[in-house]
Amino acid sequence: MNGRWRSGDRMFLPSKADKAMRPFESENLILRQLADSERLALDSILKPFNLPRGFEIARSGMPLGHCYFLESGIASVVATSPEGRKTEVGVLGREGMTPPILTTDAERFPFDVTMQIDGHGHRVEAAALGGFLADRPAIRRLLSRSLHTFFAQMANTALSNAVHKIDVRLARWILMWHDRLDGDEIGITHDYMARMLGVRRSSVTEALHILEGEHLIYSTRGLVIIRNRAALEAFAADAYDVAGITRRDRPEIGRRPLASAGGIISPV
């Protein structure tokens with residue numbers, strides 16, 4: 001960290017007293033909300049951890065060894081059918097704990113959780129976290145709210161998959177990822193987007209052409225660039241604009257100002 005942290009889109013420089021009180025500065029929403037004494041206690045069991053793309057945070061049905069508080073990057077939560085078909089049911093970033101569980105009593109997580117955008121964060125052994133939470137109801141409440149928000153995101157994903165066209169679903173998906181990144185570029189392939197949305201690659205390509213035709217994004221091999229964030233939100237409409245889970249209602253998830261209506265980022 002560089003000795004700075006943000007609240008919403010504003011940046012603050014901590015005082016010497018703040019630095020002395022806090023064991024570490026964090027971009028993770030859960031860690032940022034802890035009282036100083038709680039953060040000092042939790043710091044004793046947290047370990048800084050790099051999270052490269054492809055790193056498996058959890059595997060469906062396998063014992064849960066660690067939990068993670070992401071500072072950056074994106075983890076994808078994926079459901080797999082008995083026949084091996086996969087679809088993304090949620091995304092996780094710096095807004096909570098990964099996997100999103102309330103306690104470590106549930107020793108197995110029902111989905112695969114894999115890093116899709118490189119990042120870093122803090123890792124904690126699940127057993128150690130369980131003991132830490134035993135007599136700390138305030139932190140358990142924070143985790144409970146985070147879990148509720150994730151379930152709301154999953155429910156909205158299921159609804160969107162059922163009622164929206166692929167171009168709207170793709171716009172929503174891009175916005176959800178953009179919320180959790182610091183820039184306007186998303187390094188992702190058409191194949192991956194198709195797998196995560198549960199559609200054919202050709203359907204994703206057609207949907208990307210529609211979004212490009214509206215001047216909302218720029219898409220090239222392995223890269224999507226947001227050109228007009230505000231217009232992309234308008235295009236996604238109620239697929240994205242859900243109270244409590246998007247950046248409009250939770251500005252702390254993202255750290256960038258919204259793109260202006262005419263703001264265009266030229267591809268390099």
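Start by selecting helices α6 (166–179) and α8 (residues 201–213), which pack at an angle of about 75° with their axes 9 Å apart. That makes α6 roughly perpendicular to α8, a label that covers angles of 65 to 115 degrees. Axes here are lines fitted to C-alpha atoms over the stretch in contact, and angles run from 0 to 180 degrees between N-to-C directions. Helices are DSSP runs of H or I with at least four residues, strands are runs of E with at least two, and both are numbered from the N terminus.

This is a predicted model, in which local features need pLDDT of at least 70 and side-chain atom pairs count only at pLDDT 80 or more, while totals for chains, interfaces and linings use all residues. Residues are numbered from 1 along each chain as its sequence is written, and side-chain values use heavy atoms, with hydrogens and water left out.

Stay on the helix pair and show side chains.

Next, zoom out to the whole chain. Its secondary structure comes to nine helices and 13 strands. Of the 268 residues, 48% are buried, meaning under 20% relative accessible area; exposed is over 50%, and partly exposed lies in between (1.4 Å probe, protein chains only). The chain exposes about 12,800 Å², and carbon and sulfur atoms supply 54% of that area, as computed by the Shrake-Rupley method with a 1.4 Å probe. Among contacts between residues at least 6 apart in sequence, 70% join residues at least 24 apart.

Now select strands β6 (residues 74–80) and β7, which pair in the antiparallel sense over six bridges; strands count as paired if DSSP finds at least two bridges between them. Strand β7 is mostly covered, with five of its seven residues buried.

The last stops are salt bridges. The structure holds eight of them, each being a side-chain nitrogen of Lys or Arg within 4 Å of a carboxyl oxygen of Asp or Glu.

D112 lies in strand β9 (residues 112–117) and K86 in β7 (residues 86–92), so the pair ties together parts that are 26 residues apart in sequence. D112 is buried at 17% relative accessibility, whereas K86 is partly exposed at 42%.

Move to D182 and R94, whose salt bridge has its closest N and O atoms 2.9 Å apart. D182 is in the loop between α6 and β11 (185–186), and R94 is in the loop between β7 and β8 (97–98), so this pair ties together parts that are 88 residues apart in sequence. R94 is buried at 2% relative accessibility; D182 is partly exposed at 43%.

Then select D179, R229 and E233, which salt bridges with shared partners join into one network.

Finish at E56 and R59, a salt bridge with its closest N and O atoms 2.6 Å apart. E56 is partly exposed at 43% relative accessibility, and R59 is partly exposed at 45%.

Terms used: Contact means heavy atoms within 4.5 Å. Angles under 35 degrees count as roughly parallel, over 145 as roughly antiparallel, 65 to 115 as roughly perpendicular and the rest as oblique.
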